[in-house]
Amino acid sequence: MYRHILAAIDGSETSARAFDAALQLARESGAELQPLFVVDVPVMVYDAPSYDPGIVRDAFLEEAKHVTDAALARMKHDGVQGSPRIIETSLVSDNFDVAHCILHAAAELKADLIVMGTHGRRGVRRLVLGSVAERFLRISTYPVLMIPAHGVSRTAAPATPAPQPADIA
C-alpha cells in the first residue's frame with residue numbers, strides 16, 4: 001500500500017504517538033520510513049543582545065540527534081527500513097519554516113504518506129490545532145495522517161472494549 005512514509009517527530013508525546021502509527025504502517029506495508037526532525041531556532045534568540053544563538057541551535061541539534069537515534073533503534077528492532085533525517089529551517093525565507101521543510105523532505109523522499117501529531121513542542125502558538133500541523137495541512141499536496149494529542153496513552157489499553165456493531169441495540 002505504502003512505499004515511502006515520512007513521520008514528523010519532535011520529541012513530544014504526540015509525535016511519539018504519530019511515530020508509533022507510522023512505524024506500524026511501515027512494518028505492515030513493507031514501506032521505507034523516514035523520521036524527520038526539523039530544527040527551528042526561535043527568532044527571538046537571534047534578537048537577544050550579546051547572546052550566541054549557536055548555543056541554542058547546538059542544544060536543538062543535540063535533542064534532534066537523541067530523538068532520531070531513538071527512532072532508528074525502534075525501526076531496527078521492528079525490522080523497518082529507512083533512515084532518520086534532521087533538517088533546519090531558514091531565517092531568510094518565509095517559505096522555509098517547519099511546515100515547508102516537511103513538505104520539501106516529503107518531495108525528496110517521494111512520500112506516499114506523511115504522519116504527524118496534531119500538537120508538538122511549539123508553545124503558545126499551538127492552542128487549537130498545532131500551528132505546524134495546521135500550516136502543513138494547508139500547503140500539503142500529500143496524504144496526511146494526523147494523530148491527535150489526546151486519547152489513550154501509548155502504553156495503556158482501554159479500560160473497556162469498544163462496543164461492536166452487534167452490541168449496539
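1. The side chains of arginine 74 and aspartate 20 form a salt bridge, with 2.9 Å from N to O. A salt bridge here is a side-chain nitrogen of Lys or Arg within 4 Å of a carboxyl oxygen of Asp or Glu. Arginine 74 belongs to helix H3 (residues 53-78) and aspartate 20 to helix H1 (residues 13-29), so the pair ties together parts that are 54 residues apart in sequence. Helices (H or I, at least four residues) are DSSP runs, numbered from the N terminus.

2. The model is predicted: local features need pLDDT of at least 70, side-chain atom pairs count only at pLDDT 80 or more, and totals for chains, interfaces and linings use all residues. Residues are numbered from 1 along each chain as its sequence is written, and side-chain values use heavy atoms, with hydrogens and water left out.

3. Buried means under 20% relative accessible area, exposed over 50%, and partly exposed in between (1.4 Å probe, protein chains only).

4. Aspartate 78 and arginine 27 form a salt bridge through their side chains, at 2.5 Å from N to O. This pair links distant parts of the chain, with aspartate 78 in helix H3 and arginine 27 in helix H1, 51 residues apart. Aspartate 78 has a relative accessible area of 23% and is partly exposed; arginine 27, at 40%, is partly exposed as well.

5. Arginine 57 and aspartate 58 are joined by a salt bridge of 3.9 Å, N to O. Arginine 57 is partly exposed at 30%, and aspartate 58 is partly exposed at 45%. By the salt-bridge rule, the count comes to nine.

6. Helix H4 (residues 98-109) packs with helix H5 (residues 131-139) at an angle of about 50°, and their axes are 8 Å apart. Axes are lines fitted to C-alpha atoms, for helices over the stretch in contact, and angles run from 0 to 180 degrees between N-to-C directions. H4 and H5 are therefore oblique to each other (under 35 degrees is roughly parallel, over 145 roughly antiparallel, 65 to 115 roughly perpendicular, the rest oblique).

7. Which residues of H4 and H5 meet? Val98, Ala99, His100, Ile102 and Leu103 in H4 are in contact (heavy atoms within 4.5 Å) with Val132, Arg135, Phe136 and Ile139 in H5.

Conventions
Helix = DSSP H or I, 4+ residues; strand = E, 2+ residues; numbered from the N terminus.
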